[in-house]
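Try each task before you read its solution.

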2 protein chains.
Amino acid sequence: MNRLFSPETYIKRREQLLHTQLKGFALFLSNDEASMNYPSNTYKYRQDSSFLYFFGLSIPNIAAIIDFDRKECILFGDDFEIDDIIWMGDQPKMTELAALIGITKVMPYSAMATYIEQNRDRTIHYLPPYRGEKIIKLAQLLDCHVKEVVGKASQALIKEVVALREIKSAEEIVEIEDACAIGYDMFTTAMKKTRVGGTEAELAGIVEGIALSGGNGVSFPVILSQHGETLHNHNHHLTLEEGRLLLMDMGAENGMNYCSDNTRTIPVSGKFTPKQAAIYQIVYDANMVGIAACKPGIYFRDVHEIAVTIITKGLQELGLMKGDVAESVKAGAHALFMPHGLGHQMGLDVHDMEDFGEDNVGYDETISRSPIFGWGSLRMAKELRPGHVVTVEPGIYFVPHLIEIWKRENKFSQFLNYDKIDEYVGFGGIRVEDDVLITETGHRVLGKPIPKSIAEVEAIVGSEPLT
Amino acid sequence: MNRLFSPETYIKRREQLLHTQLKGFALFLSNDEASMNYPSNTYKYRQDSSFLYFFGLSIPNIAAIIDFDRKECILFGDDFEIDDIIWMGDQPKMTELAALIGITKVMPYSAMATYIEQNRDRTIHYLPPYRGEKIIKLAQLLDCHVKEVVGKASQALIKEVVALREIKSAEEIVEIEDACAIGYDMFTTAMKKTRVGGTEAELAGIVEGIALSGGNGVSFPVILSQHGETLHNHNHHLTLEEGRLLLMDMGAENGMNYCSDNTRTIPVSGKFTPKQAAIYQIVYDANMVGIAACKPGIYFRDVHEIAVTIITKGLQELGLMKGDVAESVKAGAHALFMPHGLGHQMGLDVHDMEDFGEDNVGYDETISRSPIFGWGSLRMAKELRPGHVVTVEPGIYFVPHLIEIWKRENKFSQFLNYDKIDEYVGFGGIRVEDDVLITETGHRVLGKPIPKSIAEVEAIVGSEPLT
């Protein structure tokens, strides 16, 4: 069995949901095993995060109902048969598992369909499914077409679950920092083992191994590439070359599936060139100033603005940008270099609750998504509150195709010096990312500090033999 | 892009399928990305193995048709848009990808539905899907209920694909041995780093990292446990203890998704106890004699019989079994200790083509599955032919619940000495597994030999510091 909080934690979380204005009942299905290349060859099991939040158990083939009308919680699942136990060893009974999470009412898995059948007149809430198997199962349970399942997910339930899950308790922060500790090992090991002539794949494998040794593996596919400017990039097929930058964006899940997510960009050779150092320093400053701005009451959109203002000013000093800084930022000229948002919430998912839709998590009735390129990429924009955990991850990238298109259109020519920018094509990209808890009075960066300043990075890169 | 064979290889494979007696056309859908805990957070991509066999490309969102009536092959897929290329970097066009695998006819992905719609009067063959997303897609394309999709898979196509895929070419053997080389590193590293006080999780992470550094990761979830007697066991949560055995069953996928699969069982302390050594030697002998028996023309069922006869004799010598050896083997008394089959085919899947159903791969019209416990677990039973790759993996386990049940029933009391067997409860389990190619004249064990004899194992265990 996976590690769990006390039963009281899960009871409290469910009580909070029971005391909302929701009517009817909410249905939570566990994630089942996911087949890789044939039915029994499965990927590493990952429970659904909302299921973990309310019911803790990281096992497939179970389900639960929180009944708002009857104020009760039911766990559905079947005990293993003796034939299974021969192959799997002793297994806890469903009643034992239920006791661990403070549930007293346990029914066989098949009783769930009956329950739904007998309560079809009441509202059935469920969260948006993101796996084919669950969509098929929900279609069957709800007697609808598979195409309708996602659309029928409960917006009301989403809203209440976001309100609970986005405010992390002290015990959750302990778990996130546990994940950060694994992440720290991943980063420092990769940094130490980076050297000209090594390979990206080798480093990527080593860090995945550390994540698996220390917890439940990586919290998202490792980004470890000399093509830092390619933002959606999970290739690790290149040999490490003198003079290039290596961007590593990676995180771990700890034993309770809480996540970490950091990014560092390092010089393969161990020493930044002056050109690299100048860009790095801007990103570093944007990261530090962005973090410093995090506190309750500020909109994360405004933290983003603070960070991209630093980037705009920095790039102006280097001659890549020009013009009025505030106007440039407002227009989104900086998005040529940083087309993404400053960060996202993090918790049981590395992009916390992204399965509910970004707008349901990072926006609320007071702020909606900007239509402007770059600004529109913010996953998190709303007001920060104590208990929020967000990433702060500014970057500067030289994306050849984007530069080419904007240059052809002469876009934002009042803010951009394309001749100077052309000198940076092939530079790559730099991102620096940390995980930040919003406290009552300000913020706290989570985890042991991973080398970040130019001096710290240069001191650690290549400092240890590969094997 | 993934590494590929020459276009001629794929052309030849498809030509062979085109020249069978099949009518109508066969539809092959790529595997798509598989979501872990929200839509965009995906597991490591794994293409379907039959898709790889005929079309090589390890990318999602494509499909192909082999039209038996028209003797043509079509690849369906869409080029990336410039918006994608900004985020993903330069991507090959569909026509370029098609050229790599010798296909000249390329159509947009949406044309596949039209093609099927316009050819609904002809037979549509497809292989059994094992992922929810593909079941949903097939139901839509074939205009049927999701429940019907698996049942409608083509038994005729399965038969022809098995006939092709099960005979490995020389270039495929090179790839399997490449996977074995990664496996060799996994095993020897884990053996060297095993020590009392270490953890299973640590070693499991290290070997997963090696598999990812060297190829596409593990070919199946790592089994690395001091509870070797628990056959379905992917837990690695224990600390390594003096006096215990550690069973490691693991394999790698190489860069072309060919697999390796080996098992070794080692003493945590580096030295087998006399009791452990005696059981180990029986399993080792069964492995060696089983391998020696592999050659064209022999039924793998009979190789299994040879191996379990060694086990029966060995356990008789130790006093755990008794009675007439041949009768004991025939009855399946040994299955108390080795309830599983001797092995399975291996190739692009570690249990090759298990998605088609074991009986379609390991049995044929000349041999059917035995109803007897133990014997009935053979995944592979049919006659060996040159080009087959099989695992040979005998084992002896002391499964407490199985012993308890059989003892209570006094099952096979003419062959089993339960009093003596009771002395071994808590012993754990031992398995030794290698990968064997059937050649024209006999067999060849694939990969560099992993330490296997008692002396070899004792020499390597714990011989290197953990970090």
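**Exercise 1: The interface**

In this predicted model, 52 residues of chain B are in contact with 52 residues of chain A. Task: find which elements of chain B give two or more residues to the side that touches chain A, and which gives the most.

Solution. 
- Step 1. List the elements of chain B. They are strand E2 (35–38), strand E3 (41–42), helix H3 (82–88), helix H6 (132–142), helix H10 (200–214) and helix H15 (400–409).
- Step 2. Pick the top contributor. H10(B) gives the most, with 10 residues.
- Step 3. Sort the residues of this side of chain B by class. They divide into 25 nonpolar, 17 polar and 10 charged.

**Exercise 2: A sheet in chain B**

Task: name the edge strands of the open sheet of five strands in chain B.

Solution. 
- Step 1. Write the strand order. It is E6-E5-E4-E1-E7, with mixed pairing.
- Step 2. Read off the ends. Strand E6 (105–107) and strand E7 (124–125) of chain B each have a single partner strand, so one side of each lacks a neighbour in the sheet.
- Step 3. Check one pair inside the order. E1 (residues 25–29) and E4 (residues 63–67) of chain B pair in the antiparallel sense over five bridges. B:Phe25 has B:Asp67 in E4(B) as its bridge partner.

**Exercise 3: Two helices in chain A**

Task: describe how H9 (residues 170–193) and H10 (residues 200–214) of chain A pack.

Solution. 
- Step 1. Take the geometry. The angle is about 155 degrees, and the axes of H9(A) and H10(A) are 9 Å apart.
- Step 2. Classify the angle. Over 145 degrees counts as roughly antiparallel, so H9(A) is roughly antiparallel to H10(A).
- Step 3. The crossing of H9(A) and H10(A) is right-handed.
- Step 4. Inspect the contact. Residues of H9(A), including A:Ile182 and A:Met186, meet residues of H10(A), including A:Leu203 and A:Ile206. The residues of this contact divide into eight nonpolar, two polar and two charged.

Key: Residues are numbered from 1 along each chain as its sequence is written. Chains are lettered from A and ligands numbered from 1 in the order in which they are written. This is a predicted model: local features need pLDDT of at least 70, side-chain atom pairs count only at pLDDT 80 or more; totals for chains, interfaces and linings use all residues. Two residues are in contact if their C-beta atoms, placed from the backbone, lie within 7 Å. Helices (H or I, at least four residues) and strands (E, at least two) are DSSP runs, numbered from the N terminus. Ala, Val, Leu, Ile, Met, Phe, Trp, Tyr, Cys and Pro count as nonpolar, Asp, Glu, Lys and Arg as charged, and the others, Gly among them, as polar. Two strands pair if DSSP finds at least two bridges between them. Axes are lines fitted to C-alpha atoms, for helices over the stretch in contact, and angles run from 0 to 180 degrees between N-to-C directions. Angles under 35 degrees count as roughly parallel, over 145 as roughly antiparallel, 65 to 115 as roughly perpendicular and the rest as oblique. A crossing is left-handed if the near helix is turned anticlockwise from the far one by less than a right angle, and right-handed if clockwise.
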